[in-house]
Amino acid sequence: MVEAFAVASGKGGVGKTTSTLALGMALAEEYDVTVVDADTGMANILFHTGLTDADTTLHDVLRDEAAVVEASYDRFGLRVVPCGTSLAGFRDVDPARLRNVVATLASDTDVLLLDSAAALGSKSAVLPVVLADRVIVVVEPTIPSVSDALKVQEYATSYGTGVAGVLFNRVRDDDAIDAIERKVTRFFTGPVLGTVPESTSPRSARRASEPLLAHAPESVAAHAYREAALALDVRTGDSGAVADRFRSAVIPDTP
């Protein structure tokens with residue numbers, strides 16, 4: 001079985017990478033989970049997982065200079081495929097090779113989480129959304145954040161990618177969330193997976209180069225992510241069929 005999720009937001013600063021790793025660690029209690037930093041221009045996962053000194057990253061794979069197994073690392077109960085941070089590395093990659101990367105990983109995991117770029121401004125940014133079976137949309141409880149996230153949903157569904165759900169993050173006002181949630185329920189096709197409160201724990205975890213659930217497993221935010229993971233209905237798919245679909249995926253134009 002395998003299902004690929006793109007974790008997307010439509011804007012930066014909403015805690016997308018923190019959410020990807022937190023959901024991944026929570027899901028890893030039941031599934032074999034692989035996390036891929038598919039944000040090839042603004043990679044962050046290596047900073048969250050203690051992999052800043054990794055010899056091989058996704059950049060090397062997308063330049064056809066390494067196999068994906070060489071860029072895969074076992075960390076915190078997950079398989080992690082980090083991406084490099086150099087501008088030269090980003091400039092030289094071939095985004096189309098991400099199709100084969102995801103196809104290869106799909107043959108040996110239950111859940112694939114693709115940490116996507118914040119904005120849909122390039123082929124490398126939109127490709128994870130197109131490759132995924134479904135998208136998990138991370139938003140802050142503000143109208144601008146929801147508006148940007150709706151663009152992600154529109155683009156995803158235009159390529160046949162479903163919406164697994166919406167995750168509210170960095171929630172500061174419990175009262176304000178109700179009005180925003182009503183709008184989300186109205187306009188998004190997926191359910192609200194959960195509400196993660198604003199907390200100092202994610203920042204502390206980043207400074208320690210650890211995912212939130214490893215650094216502060218009993219924090220309020222960590223509990224909220226576990227509840228969100230429980231609300232996510234992981235679907236089964238034939239690994240071979242899924243891999244074939246990834247390899248033959250159409251490379252999209254930018255929005």
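In this predicted model, helix H1 (residues 16–27) and helix H11 (residues 220–231) have axes that come within 9 Å and cross at roughly 65°. Angles of 65 to 115 degrees count as roughly perpendicular, so H1 and H11 are roughly perpendicular to each other. Their crossing is right-handed. On the H1 side the contact is made by Thr-18, Ser-19, Ala-22, Leu-23, Ala-26 and Leu-27, and on the H11 side by Tyr-225, Arg-226, Ala-228 and Ala-229. By class, the residues of this contact are 7 nonpolar, 2 polar and 1 charged.

H5 passes H6 in a right-handed crossing. H5 contributes Leu-98, Arg-99 and Val-102 to the contact, while H6 contributes Leu-127, Pro-128 and Leu-131. The contact of H5 with H6 has 5 nonpolar residues and 1 charged residue, with no polar ones.

Aromatic rings are the next topic. A pair of such rings is described by the distance of the centres and the angle of the planes. The count comes to 1 aromatic pair. The rings of Tyr-155 and Tyr-159 have centres 5.2 Å apart and planes at 40°. Planes under 30 degrees apart count as stacked and those over 60 as edge-to-face, so the pair of Tyr-155 and Tyr-159 is tilted.

The two tyrosines can also be described by accessibility. Tyr-155 has a relative accessibility of 10% and therefore counts as buried, the cut-off being under 20%. Tyr-159, with a relative accessible area of 36%, is partly exposed.

Notes:
Residues are numbered from 1 along each chain as its sequence is written. This is a predicted model: local features need pLDDT of at least 70, side-chain atom pairs count only at pLDDT 80 or more; totals for chains, interfaces and linings use all residues. Side-chain values use heavy atoms; hydrogens and water are left out. Axes are lines fitted to C-alpha atoms, for helices over the stretch in contact, and angles run from 0 to 180 degrees between N-to-C directions. Helices (H or I, at least four residues) and strands (E, at least two) are DSSP runs, numbered from the N terminus. Angles under 35 degrees count as roughly parallel, over 145 as roughly antiparallel, 65 to 115 as roughly perpendicular and the rest as oblique. A crossing is left-handed if the near helix is turned anticlockwise from the far one by less than a right angle, and right-handed if clockwise. Contact means heavy atoms within 4.5 Å. Ala, Val, Leu, Ile, Met, Phe, Trp, Tyr, Cys and Pro count as nonpolar, Asp, Glu, Lys and Arg as charged, and the others, Gly among them, as polar. Rings of Phe, Tyr and Trp (its six-membered ring) pair if their centres lie within 6.5 Å; planes under 30 degrees apart count as stacked, over 60 as edge-to-face and the rest as tilted. Buried means under 20% relative accessible area, exposed over 50%, partly exposed in between (1.4 Å probe, protein chains only).
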